[in-house]
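Good morning, colleagues. Please look at the model on the screen, and I shall take you through a few of its local features, its helix contacts and its ligand shell.

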Amino acid sequence: MTTQFHPHASNLERKVVVLTGGALGVGSCIVRQLHAAGAHVFFGDVLDQPGQALERELSSDDAKVKFVHCDVTLYADNLALFDAAYTACGRIDHAIANAGLGEQGNMFDPNLTLESVREEPKKSMSIVNVNLKGPLYFSRIASAYLKQPDMNGKGGTAAADKSLTLVSSVAGFREDPGLYVYIASKHGVLGLMRSLRGTLIQSQPYPIRTNAICPWMTRTRLVAGIDEVWAKAGLPSNEPEDVARVIVGVLADGKVNGGTLYVEGGRAWNVEEGILKTRHQWLGEKQEKDLDRGTQLMGGGEHWIENKSSQV
Ligand SMILES: NC(=O)c1ccc[n+]([C@@H]2O[C@H](COP(=O)([O-])OP(=O)(O)OC[C@H]3O[C@@H](n4cnc5c(N)ncnc54)[C@H](O)[C@@H]3O)[C@@H](O)[C@H]2O)c1
């Protein structure tokens, strides 16, 4: 039902790529792999020291690798990241929202009392800002920059393939105990991909493909401590390079749109295909048809935008 995705890194030479969270973990592997494939890479992060060190290590005359300080929770920082790439290269081909934070604090502590519940859960809510507000800002800006014609008027290798890739998680479609806000935010990222895949692909003059990546256990600092228990139990895990290879593969693929790439043990499957193909089974045939008719009726979504009665 669900087909395995076999990534490759061809066709990326001279492509211009913007990504967030590129200083460490999966993001730094994406930067390295794109650089090795000959792409120009502009990566943002809040961690200046490892970001600058990666830029120094990879910089060469042939392909640009540029670190830009970027806190994804700030709209202006996201804009500055896109501006840096657009000003230097005259176009942007691919954008990857990768930055993410693991669970902070304990939003639904079972020991909450009427007294402790009065304290606003600011630490927990910072995850929503990084994991969901960040990708929303990033995607909005990407939707404008990716469709711009080449400022230098050079068609060259910048053919029309454009893509936006959102890093969600296995927590984007199922649950694990204790990850309350992380799971809610990563479900949100999958929702964002689904809300954009039908509209951004109609962008003119360049259609923009939108996909989500859902890795399971990946050996970065995000899972420090848990990875050992995992290995002892004999469960599959990814190296950050594996996840990066799938993300780079989605860029290079040139075709996949609206996919949810589940990554486990270094392999990937587009699980969205299975979800869509079996809808009549888990929804019921009539419900599926009615839902489709309702979606068609909504056209390009202008009814919602024109509906002022529920706007504040
Ligand atoms: N490691 C896993 O098991 C796993 C599983 C599923 C999904 N993911 C997702 O993969 C992505 C990469 O995570 P990772 O495992 O490489 O973790 P990581 O902590 O190694 O890397 C995350 C990067 O994001 C950056 N970052 C954090 N907050 C930021 C902000 N406000 N602005 C800009 N950058 C910020 C960090 O500085 C870091 O460089 C995240 O979205 C994460 O949720 C990871």
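I begin with Pro205, which lies in the loop between helix H5, residues 180-200, and strand E7, residues 208-215. Please bear in mind that this is a predicted model. What kind of peptide bond joins Gln204 and Pro205? The bond between them is cis, with omega at about 0°. As a general point, most peptide bonds are trans, and most residues other than glycine have a negative phi.

Let me return to helix H5 and consider its packing partner. H5 packs with H4 at an angle of about 10°, and their axes are 8 Å apart. Because of that angle, which is under 35 degrees, H4 is roughly parallel to H5. The crossing of these two helices is right-handed. On the H4 side, the contacting residues include Ile127, Val128, Leu132 and Leu136. On the H5 side, they include Val181, Val189, Leu192, Leu196 and Leu200. By class, this contact has 11 nonpolar, 6 polar and 1 charged residues.

H4, residues 122-145, has another contact, with helix H3, residues 75-89. Here the axes come within 9 Å and cross at roughly 30°. That angle makes H3 roughly parallel to H4. The crossing of H3 and H4 is right-handed. From H3, the contact is made by Tyr75, Asn78, Leu79, Phe82 and Tyr86, and from H4 by Tyr137, Phe138, Ile141 and Tyr145. How do these residues divide by class? There are 8 nonpolar residues, 1 polar residue and no charged residue.

The next pair is H1 with helix H7, residues 240-253. Their axes come within 8 Å and cross at roughly 55°. With that angle, H1 is oblique to H7. This crossing, too, is right-handed. H1 brings Gly25, Val26, Cys29, Ile30, Gln33 and Leu34 to the contact. Among the H7 residues that they meet are Pro240, Val243, Ala244, Ile247 and Val248, together with Glu241 and Arg245. The classes here are 9 nonpolar, 2 polar and 2 charged.

H1 also takes us to the ligand. Which element gives the most to the shell around the ligand? It is H1, with 3 residues. H1, residues 25-36, and strand E3, residues 40-45, each supply at least two residues of that shell. There are 30 residues around the ligand, and those that come nearest are Gly21, Gly25, Gly100, Ser169 and Thr220. By class, the shell has 16 nonpolar, 11 polar and 3 charged residues.

Finally, the overall arrangement. The domain assignment gives domain 1, residues 4-277, and domain 2, residues 285-312. Taken over C-alpha atoms, the centres of the two domains are 29 Å apart. Thank you for your attention.

Note on methods:
Residues are numbered from 1 along each chain as its sequence is written. This is a predicted model: local features need pLDDT of at least 70, side-chain atom pairs count only at pLDDT 80 or more; totals for chains, interfaces and linings use all residues. Domain bounds come from an automatic or database domain assignment. A residue is near a molecule or strand if its C-beta atom, placed from the backbone, lies within 6 Å of it. Helices (H or I, at least four residues) and strands (E, at least two) are DSSP runs, numbered from the N terminus. Ala, Val, Leu, Ile, Met, Phe, Trp, Tyr, Cys and Pro count as nonpolar, Asp, Glu, Lys and Arg as charged, and the others, Gly among them, as polar. Axes are lines fitted to C-alpha atoms, for helices over the stretch in contact, and angles run from 0 to 180 degrees between N-to-C directions. Angles under 35 degrees count as roughly parallel, over 145 as roughly antiparallel, 65 to 115 as roughly perpendicular and the rest as oblique. A crossing is left-handed if the near helix is turned anticlockwise from the far one by less than a right angle, and right-handed if clockwise. Two residues are in contact if their C-beta atoms, placed from the backbone, lie within 7 Å.
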